[in-house]
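Colleague: I have some questions about how the labels on this model were reached. Can we go through them one by one?

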Amino acid sequence: MYRSSNIVARVFNRQICTPPPGTSVHHARCFYENLVPSYTIYEVECPDHSFRKFTDDGQYLISFSRNYQELIIYRPRWLSFSCKDEDCDKHDLPSRAKRFDSFFTQLYCVPLASCNELICKDFFLYLESQQFGLFATSTAQIHDAPAVGGAVHGVPSIEKITFHLLRLEDGEILDKKVFCNDFVNLTHNTGVFLYDDLLAIVSLRYQTIHVLQIRDAGNLVDVRAIGEFCREDDELFLNSNAQGMAFSDKIKQHQFPGNHIENHMHQGQTNPENSFLSGIKQRLLSFIFQGLWNEERDETSRIQGLRKKFYFHFQDYVDLIIWKVQFLDRHHLLIKFGSVDGGPQVSRNADHHPAFVAVYNMDTTEIVSFYQNSADELYLLFEQFCDHFHATSRNLMYMNFISSHSNNIHAREQLRSIKDKASNPSQFVKKMLASLPFSCQSQSPSPYFDQSLFRFDDKLISATDRHRQSTDHPIKFISRRRPGSLKFKIKPGPEAGSMDGRAKKISSFLFHPILPLALSVQQTLFLQPSVVNIHFRR
């Protein structure tokens, strides 16, 4: 680690010293202590757009029009201007340099949504290897939609959800995937997860996990659907078996005419009251049963244990629905089950509802493990191996340096401090595990959120992609190496503060993943124009 904080001394030290194996990236990131966004342009003159985020490679800035009909893509560029004097730092920036288009160049504007659809402003996934972007448009929600065709009662419906795959280089729409009369939770990418070229989309309404592959040519190809059936030939097997049973019943009717009335119900469609449980639900019940069966060796104790722990709660297990899914790798899914009452409408209080987490092997169609959201064993895995739950592409090396309590001592100490202060340990475990499975691409890889370099108030700002309550006070970034040294400040909103203190304001922060460049966007709840500030290193 560099002893001096002077950037010239650090560059010289880098030339004559070789860092230990496996630490070269950590040493390179230390230069960000000297390269910080310390200068702010307040209330930048910019288009009235909804700015979403920078792509993880920093090549594009994603934004939407205010009516959420069009997609606007910008290319970040660095500010350049001329100055006649020798010391330009003493002079204020020229008015031309304070405009939005001095930092960003608009590449194109693409209409995505039709007249009755809107772009989902909180949804965007990026496939860096091909520079593809995945966007979504949808019609309005129908909250009291009837549960028909096997839909789950209590889950809202959306008439049309369209996923658009775009090539961000030129804005060409390569492919679309449409879901009709379904519900996918698109808020903060909750219902969709991208791992390498595999895409998992969770249909909450019909309890199906759709696994797709994004081909290099830009095609969305169906791989499998996990839910009612687990294997590709399950439906074929059940249909052929049903036909065989119907044929057998017809033979019995000719042999025993008196039984015609009793066997009439077996003809045609299966009685819905006696229908099978879904394939994924049967896998889950089998795993729970086998686990309880193997706990006891004595036959009497085994039967009593099954009565108390399995049959008594059997209907509760049957009523569980899939909430959320993420990839752990190309073969395993982490699936969250819960009750309908703890669905997307009450996600803020999700830790108060009983929930379970299961690991599912897509190749063998087996449940590998199953935990309740209050299990200490699962929390220990979460605490010690948190990075393994953040499944990222193998090609995105810089995503491995996002701070967590399993790779950063400062984050670990902060977690343990919160744990020690918790009055109810069980409720603390539930609150921590409520974030599993993690949302895809929900954290910024910016080095300014590296907790080994900077200390900041994570209640006001963090790497997690979320809107936060705005404050009129600047957010300070303090050096970790020198605890009393203020490196830079980020202040959303006008420089003099808001004139109307009664209006509720929220802020979002968009940090470039590589450059010392950030946007702070402050907006009120009354659809007034946003206040955009640009923070950069001058």
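This is a predicted model: local features need pLDDT of at least 70, side-chain atom pairs count only at pLDDT 80 or more; totals for chains, interfaces and linings use all residues.

Colleague: Why is serine 520 called buried?

Modeller: Its relative accessibility is 0%. Buried means under 20%, so serine 520 counts as buried.

Colleague: What makes the link between serine 520 and histidine 535 a polar contact?

Modeller: The distance. Their side chains are joined at 2.8 Å, and the cut-off is 3.5 Å. Histidine 535 is also among the residues in contact with serine 520, a list including Lys491, Phe509 and Val532.

Colleague: Next, aspartate 182. Why is it said to have no salt bridge?

Modeller: A salt bridge needs a side-chain nitrogen of Lys or Arg within 4 Å of a carboxyl oxygen. For aspartate 182, the nearest side chain of opposite charge is arginine 205, and that is 5.9 Å away. Therefore aspartate 182, though buried, has no salt bridge.

Colleague: What does the side chain of aspartate 182 make a polar contact with?

Modeller: The side chain of serine 203, at 2.7 Å. Aspartate 182 itself is found in strand E11 (residues 172–182).

Colleague: Now the rings. How many aromatic pairs does the count come to?

Modeller: The count is 35 aromatic pairs.

Colleague: Why is the pair of tyrosine 448 and phenylalanine 511 called tilted?

Modeller: The ring centres are 6.3 Å apart, and pairing requires them to lie within 6.5 Å. The planes stand at 45°. Under 30 degrees would be stacked and over 60 edge-to-face, so this pair is tilted. It links parts of the chain 63 residues apart: tyrosine 448 is in the loop between H10 and strand E20, phenylalanine 511 in strand E24.

Colleague: How do you know that phenylalanine 511 is buried?

Modeller: Its relative accessible area is 6%, against a limit of 20%. Tyrosine 448 is buried too, at 0%.

Colleague: What makes phenylalanine 454 and phenylalanine 488 an edge-to-face pair?

Modeller: Their planes are at 80°, and the class begins over 60 degrees. With centres 5.9 Å apart, the pair is edge-to-face. Phenylalanine 454 lies in strand E20 and phenylalanine 488 in strand E23, so the pair ties together parts 34 residues apart in sequence. Both are buried.

Colleague: How do you know that arginine 538 lies over the face of tyrosine 39?

Modeller: Arginine 538 is 5.2 Å from the ring centre. The limit is 6 Å, with an angle within 35 degrees of the ring normal.

Terms used: Residues are numbered from 1 along each chain as its sequence is written. Side-chain values use heavy atoms; hydrogens and water are left out. Helices (H or I, at least four residues) and strands (E, at least two) are DSSP runs, numbered from the N terminus. Buried means under 20% relative accessible area, exposed over 50%, partly exposed in between (1.4 Å probe, protein chains only). Lys and Arg count as positive and Asp and Glu as negative; His and the chain ends are not counted. A polar contact is a pair of N or O atoms within 3.5 Å; within protein, one must be able to donate a hydrogen and the other to accept it, and residues adjacent in sequence count only if both atoms are side-chain atoms. Contact means heavy atoms within 4.5 Å. Rings of Phe, Tyr and Trp (its six-membered ring) pair if their centres lie within 6.5 Å; planes under 30 degrees apart count as stacked, over 60 as edge-to-face and the rest as tilted. Lists of a residue's contacts leave out its neighbours within four places in sequence.
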